[in-house]
Amino acid sequence: MVDFLSAYSIQKWLESCPQGYLENTVFGHPPEEKEPELLLSNPVLREETIRATVQLVVGERCALAASSGLINAAPDEGSKRFLATQTLDEARHVEIFSQRLYDLGVRKEDLEGVLSQYANKNLVKFAEVLLEKVDKKDFVAGVVGQNIVLEGMAFSVFEMMHALNQGMNPKFAHTLSGTIADERRHVGFGENRIGSLIKEFPEKKAEVEKLQKDMSYHMLATFADLFRNNRARPEFEKLGAQARERGISAEWHGVELREMQPEDIEKVLSETVLKEFKVRLERIGLAYQTPSRP
């Protein structure tokens, strides 16, 4: 375990993150980059972009509370130090996505009201399931919920959003690039650290597997709410047509996202995330539990 944790030291974090892919960035992107004028001037697109960004802030606030809460529950000093770096990563994510809301025209004094207005109720329940384990200082369940389920979901969501934005919105695509690199590191720690603890505490398996099933249901319900019956569909279809005319693709996991209806994108995203859950859980000795479908 000592050799494994050396790859997740504070020194490694400094070299790869603030002195690496975040160097010379402001809130995760080059200083000169701005949100596209179209997003700011079209009221329907602007509102839907705010709604989507609010979910990122809500998810990252949960991740910040979970990673900071797990530090004192960690059974060894190496894990505590890694979770300290993860806590700063998650705080940065909260900050950069909150800054994006300001860039979209949300006033700072209105931030909490906008979060309350647009936060998806199923995403809030997703967070509550995880934070209940963290509050009980349940390190095994907390790390599986945080670093496998929450971070695994965030990794795929960020990758999909990056594919959709890299040709149309370089500022947000660059912001997402840094968070994807962070999430990859967080998921790696979860897989490597929890495997040995599951062997040490096999009686935790059933409880942790139920946690994955419950969180997965709330995740799927969140996706369903956000993708189905989206009133901005006509505007997104226009954006897709403009992108195709300019030869800008959005390929992700073998499909062209701009050619798909929102319900089909929801299906690809859901299946991708659940497949990744299954692979990662099996690596650490847990059985994937199929969630109900909303």
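Colleague: Is Tyr-8 buried or exposed?

Modeller: At a relative accessibility of 14%, Tyr-8 counts as buried, because the cut-off for that class is under 20%. Please bear in mind that this is a predicted model.

Colleague: Where does Tyr-8 sit?

Modeller: Tyr-8 is placed in the loop between α1 (2–6) and α2.

Colleague: And which residues does Tyr-8 touch, not counting those up to four places away in sequence?

Modeller: Tyr-8 touches Phe-82, Arg-185, Gly-188, Phe-189 and Asn-192.

Colleague: What about α2 itself: at what angle does it pack with α9?

Modeller: Helix α2 (residues 10–21) and α9 pack at an angle of about 170°, and their axes are 11 Å apart. The two helices are therefore roughly antiparallel, a term that applies to angles over 145 degrees.

Colleague: Which residues make that contact?

Modeller: From α2 the contact is made by Trp-13, Ser-16, Cys-17 and Tyr-21, and from α9 by Gly-178, Ala-181, Asp-182 and Arg-185. By class, 4 of the residues in the contact of α2 with α9 are nonpolar, 2 are polar and 2 are charged.

Colleague: Staying with α9, where is Gly-190 found, and is it buried or exposed?

Modeller: Gly-190 is found in helix α9, which covers residues 170–200. Gly-190 is buried, with a relative accessible area of 0%.

Colleague: What is in contact with Gly-190, leaving aside neighbours within four places in sequence?

Modeller: Gly-190 is in contact with Val-143, Asn-147 and Ile-148. As for Lys-12, it is 178 residues from Gly-190 in sequence and 17 Å from it in space, C-alpha to C-alpha.

Colleague: How does Leu-176 look?

Modeller: Leu-176 is also found in helix α9, and at 0% relative accessibility Leu-176 counts as buried. Beyond residues up to four places away in sequence, Leu-176 touches Phe-97, Phe-158, Met-161 and His-162. Leu-176 and Gly-28 are 148 residues apart in sequence, yet 7.7 Å apart in space, C-alpha to C-alpha.

Colleague: Let us turn to the core. How many residues are in the largest nonpolar core?

Modeller: The largest nonpolar core has 75 residues, and those with the most contacts inside it are Met-153, Met-219, Phe-223 and Phe-277. Helix α8 (residues 139–165) gives the most to this core, with 16 residues.

Colleague: What is Met-219 in contact with, apart from neighbours within four places in sequence?

Modeller: Met-219 is in contact with Phe-126, Met-153, Val-273, Leu-274 and Phe-277.

Colleague: And α10: how many residues does it have, and how far does it reach?

Modeller: Helix α10 (residues 205–227) has 23 residues and reaches 33 Å from its first C-alpha to its last, close to the 33 Å expected at 1.5 Å a residue. Just after α10, Asn-229 takes a positive phi of about 55°.

Colleague: Where do Lys-137 and His-253 lie?

Modeller: Lys-137 lies in the loop between α7 (121–135) and α8, and is exposed, with a relative accessible area of 52%. His-253 lies in the loop between β1 (251–252) and β2 (255–256), and is partly exposed, with a relative accessible area of 47%.

Terms used:
Residues are numbered from 1 along each chain as its sequence is written. This is a predicted model: local features need pLDDT of at least 70, side-chain atom pairs count only at pLDDT 80 or more; totals for chains, interfaces and linings use all residues. Side-chain values use heavy atoms; hydrogens and water are left out. Helices (H or I, at least four residues) and strands (E, at least two) are DSSP runs, numbered from the N terminus. The expected span of a helix is 1.5 Å times one less than its number of residues. Buried means under 20% relative accessible area, exposed over 50%, partly exposed in between (1.4 Å probe, protein chains only). Contact means heavy atoms within 4.5 Å. Axes are lines fitted to C-alpha atoms, for helices over the stretch in contact, and angles run from 0 to 180 degrees between N-to-C directions. Angles under 35 degrees count as roughly parallel, over 145 as roughly antiparallel, 65 to 115 as roughly perpendicular and the rest as oblique. Ala, Val, Leu, Ile, Met, Phe, Trp, Tyr, Cys and Pro count as nonpolar, Asp, Glu, Lys and Arg as charged, and the others, Gly among them, as polar. A nonpolar core is a set of buried Ala, Val, Leu, Ile, Met, Phe, Trp, Tyr and Cys residues joined through side-chain atoms within 4.5 Å.
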